[in-house]
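Let's take a walk through this structure together.

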Amino acid sequence: MSVLTEKVMTRDWGKPDQPTLAGYKQRGGYQQLRRVLDTLQPSQITDEVKKSNLRGRGGAGFPTGLKWSFVPSLEKNTRPRYLAINADESEPGTAKDRFILEFDPHLLLEGIAIACYALGAHTCYVYARGEFKHPSAVLDRAIAEAYADGIFGKKLMGKDFELNVYQVRGAGAYICGEETALLESLEGKKGWPRLKPPFPAVVGLFGCPTVVNNVETIAALPRIFEKGADWFAKLGAAKSGGTRLVTLSGSVNRPGTYEVAMDTSLRELIYDKAYGQGLPEGRSVKAVIPGGSSAPVLTADEIDVKLEFDAFKPLQSMAGSGGIIVMDDQTCVVRSLWRVARFYAEESCGQCTPCREGQPWMTRIIRKIEEGRGEAADLDTLMNVAQAIAPWPPIGLGNTICALGDAGALPVQSFVQKFRKDFEEHITRQGCPYGERPWGAFGEFQ
Amino acid sequence: MSDPLFTSAEQKRFDEQIAELLTHYPQDRKSAAMLPALRVLQTLKGWLPPEGMKLVAERLETTVPHCYEVATFYVMFHTEKPGKYVIDVCTNLSCALRGAEGLLKYMEQKLGQTAGTRTEKYFLRETECLASCGTAPCFQVNEDHHENLTREKVDRILEKLT
């Protein structure tokens, strides 16, 4: 069993004064920033982050130190550089970053200061999704405290390095979690993703070198410098350093957001008493989405996979943003897929034809099958449309500017491939076998 | 004559907040403040009235069409009066597995209107994942978040909306 013995990211969650500067400092807060400023050169910070095997927690799992190293040197590019924090947590199934903002906002702010110093960035924008009214209010208070205390401002903790941190709230667009759409939105525009290359590290916000990192990623920095990059790397598994925050939802007895070890398996997460505590008596797992709704679905016999980033590759799925959604044996997978497909249809930004037209088309076909109007040819059409948006496997071959195309196609492809019988049954019966109760053990509104 | 857009107190708040926002961006990038500026206007007026959009465009040194292009792209901006209470019910997968379809039906019955429609009092709509997946089902009332919803809890919340 791999149950986490020591909490790392969540160790101070729920302590009433933790969101305040006083509470945070009382537990050693901002001491790592102090030490980093006093003893390390910016390049040494990046080296430590590389050594720690810290990887992006927003979905892609890209090595953070490597991402930073793509920013050109000041000799080569004299323009200002920016750090943008992605707090646009919107991938269905994912609810972790909001808790960092709510429970430990200064942990993020200390991480931001360390990262900005390493990158030579004097301005950081935290882009939080518009629906985060409360988490954003907590973060705003924390930012104001950090300015008042002389941490941020003209001199970062007294050091001759100016740092300004601003929070910007989005306004309800999933696409703005895509890093280039986020930059467009920060520039005051609609969130239309940009063609890459050039990558944001070279041409990002206002045409300047910009690093975009997820909240959880940056909040890990104070821990890395507290206990050392080697400790952080060892705490993880394979090439994924640290622990992970995951959100367990759906047909389990104890849904919630948990901190887990990288070598915890999906099965352990679902059944262990420290986490999901299994399914109700008589129910079994039918399907699990392992990394937010865009991650290809897994069947009940694929859940021994570890939660470490690279472990999902052989299954042609991904660890993604840590949103794990469990469907039990009395859940209708067709209706489940319809809910997911509808999301990507709604959230497609409209820029690329395959995604703009394809996602609503797929949604209509799935709905037609669910409602008992399906025809034999529908499944092939569905798969053809999905393949035209983004061929799978492997992940990442999308025909669109950004990965939202892939994100909507992958669930369709994986659900139809792995649960084809369910779709065929809907078509032959001309209706949903689950009738009025398609949502499994906890699907009735109480 | 039409009523002025702002009372003098509102005008003061608008001016101060926009001026503060503009300090967050490079001087030649005033229009970058678009999302926060629209939020300032909407917080003051409850929606984005055309005269307000003109004012935002002026302050941000951009065009009115740019303001509308942005405002209509993001679902939380209201270019029409939304009703006194905007109720966003999540019906995505994690919530659906915890009763969200039943929650939406219950809301439709209670309010006597279907999702997607607006009255003077309510704008009821289905929304996408609100990051309450482990605490589902959920909705937001004027951006205030409510989770682990039950009939009893919903009744209590609605009672307070007068």
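By class, 15 nonpolar, twelve polar and 13 charged residues line the second largest pocket. Here Ala, Val, Leu, Ile, Met, Phe, Trp, Tyr, Cys and Pro count as nonpolar, Asp, Glu, Lys and Arg as charged, and the others, Gly among them, as polar. Before we go further, a word on the ground rules: this is a predicted model, in which local features need pLDDT of at least 70 and side-chain atom pairs count only at pLDDT 80 or more, while totals for chains, interfaces and linings use all residues. Residues are numbered from 1 along each chain as its sequence is written, chains are lettered from A and ligands numbered from 1 in the order in which they are written, and side-chain values use heavy atoms, with hydrogens and water left out.

Back to the pocket. On a 1 Å grid over the protein atoms alone, a pocket is an open set of points with protein on both sides within 12 Å along at least five of seven lines, a cavity is a set where a 1.4 Å probe fits but cannot get out, and lining residues have an atom within 4 Å of a point. Grid points are joined across faces, edges and corners, and a volume is the space filled by probe spheres set on the points. The second largest pocket holds about 1200 Å³ of space. It has 40 lining residues, and Arg169(A), Arg39(B), Val40(B), Thr43(B) and Glu143(B) are the closest to its centre.

Which elements supply the lining of this pocket? At least two residues each come from α7 (133-148) and β3 (164-169) of chain A, and from α1 (8-22), α2 (34-45) and β1 of chain B. These labels follow DSSP runs, numbered from the N terminus: helices are H or I with at least four residues, strands are E with at least two.

Chain B has two domains, domain 1 (8-73) and domain 2 (85-160), with bounds from an automatic or database domain assignment. Their C-alpha centres are 30 Å apart. Because both domains give residues to the lining of the second largest pocket, the pocket lies between them.

Stay with chain B and find its open sheet, where four strands run in the order β2-β1-β3-β4 with mixed pairing. Two strands pair if DSSP finds at least two bridges between them. The edges belong to β2 (122-127) and β4 (144-146) of chain B; each has a single partner strand, so one side of each is left without a neighbour in the sheet. From one strand to the next, the twist averages 20°, with axes fitted as lines to C-alpha atoms (for helices over the stretch in contact) and angles running from 0 to 180 degrees between N-to-C directions. Within this sheet, β1 (residues 85-90) and β3 (residues 139-141) of chain B are antiparallel partners over three bridges, and Ile87(B) has Val141(B) as its bridge partner.

Now move to chain A. Is β4(A) mostly covered or mostly open? It is mostly covered, with five of its five residues buried; buried means under 20% relative accessible area, exposed over 50%, and partly exposed in between (1.4 Å probe, protein chains only). Thr210(A), Val212(A) and Asn214(A) point one way from the strand, while Val211(A) and Asn213(A) point the other way. Strand β1 (residues 82-87) of chain A pairs with β4(A) in the parallel sense over five bridges, one of them joining Tyr82(A) to Thr210(A).

β9(A) is likewise mostly covered, with six of its six residues buried. It pairs in the parallel sense with β5 (residues 243-250) of chain A over four bridges, and in the antiparallel sense with β7(A), also over four bridges. Gly250(A) is bridged to Val326(A), and Val285(A) to Asp328(A).

Some backbone details deserve a look. Most residues other than glycine have a negative phi, and most peptide bonds are trans. Lys196(A) and Pro197(A), however, are joined by a cis bond with omega of about -5°, and the bond from Pro393(A) to Pro394(A) is cis with omega near -10°. Gln277(A) has a positive phi, near 55°, and is partly exposed at 37% relative accessible area.
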